[in-house]
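Thanks for asking me to look this one over. Here are my notes, point by point, to read alongside the structure.

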Amino acid sequence: MRSIQQLVRFGWEQALSCLFPVVIFASLALTKIFPLPFLSRYDWLFIIFLIAQWWMVKSGLETRDELKVITLFHLIGLALEIFKVHMGSWSYSEKGFFKILGVPLYSGFMYASVASYIIQAWRRLKIELVNWPSFSFVVPFATAIYLNFFTHHFWMDVRWWLTALVIIVFWRSCVTYEVNGVRYRMPITLSFFLIGFFIWIAENIATFFEAWKYPNQTEAWSPVHFGKISSWLLLVIVSFLIVATLKRVKATYTDGRSQFQRPFTKTDL
């Protein structure tokens, strides 16, 4: 019974951390089923997500510092969307006023929602990192993963090399989290895969409600290829590395030391 209670509590904390993604998927579904007047669907989605983001900060669910991180992800995601749409990787078929080079502005919120989840879960589960690689490696590595989303259109795709490097570098790295006062440990690579897998499921839901379309979905919807998990896995890694790095910088700046440098002990389990 204790294990079941802990699992339920863990699931509840995860659900609360997914509040912003839930708003996004609920809005995608409702605006598809019940079209809203006066503005296009894409424009309504942008307004709804903007209001939701404002409400989360106003209600205290997110801090202003966290909003800065989420905004960074919005910009990073929007830049990637503009490039990918230009290269024909996917498309946004509906009209809208709030669009840049064929990409609706609401699309950036979908990347921001990943950051929102990580930040919320980090705070709610009191996440700490163990055996984390050095700052001098993490930043170039995250940059290389992000740039590969662009360069593989003109050069060889090195995602599998990067994935193998993730396993090697983060082999000893773990994430510890707290549920009802009890700390647990999970290999960081496993957490990357699990988050990437659930985002792939979410991507299937999003394309079903025509948030965007892949070339094979222009005539009729079909499941997103399972191989896309590798892309989401790498995107999750980039997101996690950015959040972890910013938290480390802030922790070092505020009290002169970082929680990521704290050694792992048995009492943490």
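1. A word on terms to begin with: a helix here is a DSSP run of H or I with at least four residues, numbered from the N terminus. Please keep in mind that this is a predicted model.

2. By that scheme, Leu 194 sits in helix H8, which spans residues 188-208. Is Leu 194 buried, partly exposed or exposed? Its relative accessibility is 33%, so Leu 194 counts as partly exposed. Leu 194 also belongs to a nonpolar surface patch with Leu 190, Phe 193, Phe 198, Ile 201 and Ile 205. Together these residues have about 500 Å² of accessible area.

3. The unreviewed UniProt entry annotates several stretches as "transmembrane region", including residues 69-90, 187-209 and 229-246. In the model, residues 69-90 are 86% helix and 0% strand, with the end C-alpha atoms 26 Å apart. Residues 229-246 are 100% helix and 0% strand, and their end C-alpha atoms are 26 Å apart.

4. Helix H7 (residues 159-169) is worth a look from both sides. Its buried residues are Arg 159, Leu 162, Thr 163 and Val 166. These lie on the same side of H7, because they cover an arc of only 100° around the axis. Trp 160, Trp 161 and Ile 168 are exposed on the other side of H7.

5. The largest nonpolar core has 76 residues, and Tyr 92, Tyr 106, Leu 129 and Trp 132 touch the most other members. Helix H9 (residues 228-255) supplies the largest share of this core, 13 residues.

Conventions. Residues are numbered from 1 along each chain as its sequence is written. This is a predicted model: local features need pLDDT of at least 70, side-chain atom pairs count only at pLDDT 80 or more; totals for chains, interfaces and linings use all residues. Side-chain values use heavy atoms; hydrogens and water are left out. UniProt positions are given in the numbering used here, feature names are shortened, and annotations may be inferred rather than shown by experiment. Helices (H or I, at least four residues) and strands (E, at least two) are DSSP runs, numbered from the N terminus. Patches are made of residues with over 30% relative accessible area and no salt bridge: like charges are joined within 9 Å, nonpolar side chains (Val, Leu, Ile, Met, Phe, Trp, Tyr) within 5 Å. Accessible areas come from the Shrake-Rupley method with a 1.4 Å probe; for residues, only the protein chains shown count as cover. A salt bridge is a side-chain nitrogen of Lys or Arg within 4 Å of a carboxyl oxygen of Asp or Glu. Buried means under 20% relative accessible area, exposed over 50%, partly exposed in between (1.4 Å probe, protein chains only). The arc is that of the directions from the helix axis to the C-beta atoms. A nonpolar core is a set of buried Ala, Val, Leu, Ile, Met, Phe, Trp, Tyr and Cys residues joined through side-chain atoms within 4.5 Å.
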